[in-house]
Amino acid sequence: MKHRLALALALLLLAAPVVAAEPVKITADNFTVDQGNKSGTFTCSVVITRTNLTIWANKVVVTYGKGGESDIDTITATGAVRIKTPAQEATGGRATFDPLTQILKLTENVTVLNAQGKVSGPELTINLASQTSTFEGGKGGRVTGVFTPQ
């Protein structure tokens, strides 16, 4: 599906430096900062919004490196993960984005839906650096696609 990269860009936007004109808004019932583990955890009805992007999850953990909160190592969303852009929507049980490797993994019964069709499978890996997307079946089941001719 030609719009799959939009999902990876969605999480990439969260890890990129925030431009003043494009704030990222995160709402949750709870937020905990753990300086010892270099992480911030948002829990209970987490909603992340930015222009043309909304992410919902039960929990989002942001881990950061030696550079502090602006040096993001990973972003992990778990529990009823839903990523929506104007062109498509994806759901799964877990999404992990690594800004260093530019890899987004969406796992646990993944479904990507857009105007061209629907693809489902156990795991989706998007490599932003190489601009490749791979749905994997394996032990978790098969990959299924239903496409609507344009």
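**Entry 1: β2 and β3**

I began with strand β2 (residues 30-34), which pairs with β3 in the antiparallel sense over five bridges. I count two strands as paired if DSSP finds at least two bridges between them. Helices (H or I, at least four residues) and strands (E, at least two) are DSSP runs, numbered from the N terminus. Looking up Asn30, I found Thr43 as its bridge partner in β3. The hairpin of β2 and β3 has four residues between the strands, and Lys38 there takes a positive phi near 50°.

I then looked at Asn37, which lies in the loop between β2 and β3. Asn37 counts as exposed at 56% relative accessibility.

**Entry 2: basis of the values**

I note that the model is predicted: local features need pLDDT of at least 70, side-chain atom pairs count only at pLDDT 80 or more, and totals for chains, interfaces and linings use all residues. Residues are numbered from 1 along each chain as its sequence is written, and side-chain values use heavy atoms, with hydrogens and water left out.

**Entry 3: the whole chain**

I listed one helix and 10 strands in the protein chain. From the N terminus on, the order is α-β-β-β-β-β-β-β-β-β-β. Of the 150 residues in the protein chain, 37% are buried. I took the accessible surface of the protein chain as about 8200 Å², and 54% of that belongs to carbon and sulfur atoms. Accessible areas come from the Shrake-Rupley method with a 1.4 Å probe; for residues, only the protein chains shown count as cover.

I also checked contacts (heavy atoms within 4.5 Å). Among those in the protein chain with a separation of 6 or more, 40% join residues 24 or more positions apart.

**Entry 4: the core**

Which residues of the largest nonpolar core touch the most other members? I found Val60, Val81, Leu106 and Leu124, out of 25 residues in that core. Two or more residues each come from β3 (39-50), β4 (53-64), β5 (72-84), β6 (88-98), β7 (103-114) and β8 (117-127). A nonpolar core here is a set of buried Ala, Val, Leu, Ile, Met, Phe, Trp, Tyr and Cys residues joined through side-chain atoms within 4.5 Å. In soluble globular proteins, nonpolar side chains tend to be buried together.

**Entry 5: salt bridges**

I counted three salt bridges in the structure, each a side-chain nitrogen of Lys or Arg within 4 Å of a carboxyl oxygen of Asp or Glu. Arg82 forms one with Glu89, the closest N and O atoms being 2.6 Å apart. Arg82 is partly exposed at 31% relative accessible area, and Glu89 is partly exposed at 23%. Glu89 also meets Lys84 in a salt bridge at 3.8 Å, N to O. Lys84 is partly exposed at 35% relative accessibility.

Glu123 and Lys105 form a salt bridge at 3.3 Å, N to O. This pair links distant parts of the chain, with Glu123 in strand β8 and Lys105 in strand β7, 18 residues apart. For Lys105 I read a relative accessible area of 35%, partly exposed. Through shared partners, salt bridges join Arg82, Lys84 and Glu89 into one network.

Note on methods
Buried < 20%, exposed > 50% of the residue type's maximum accessible area, 1.4 Å probe, protein only.
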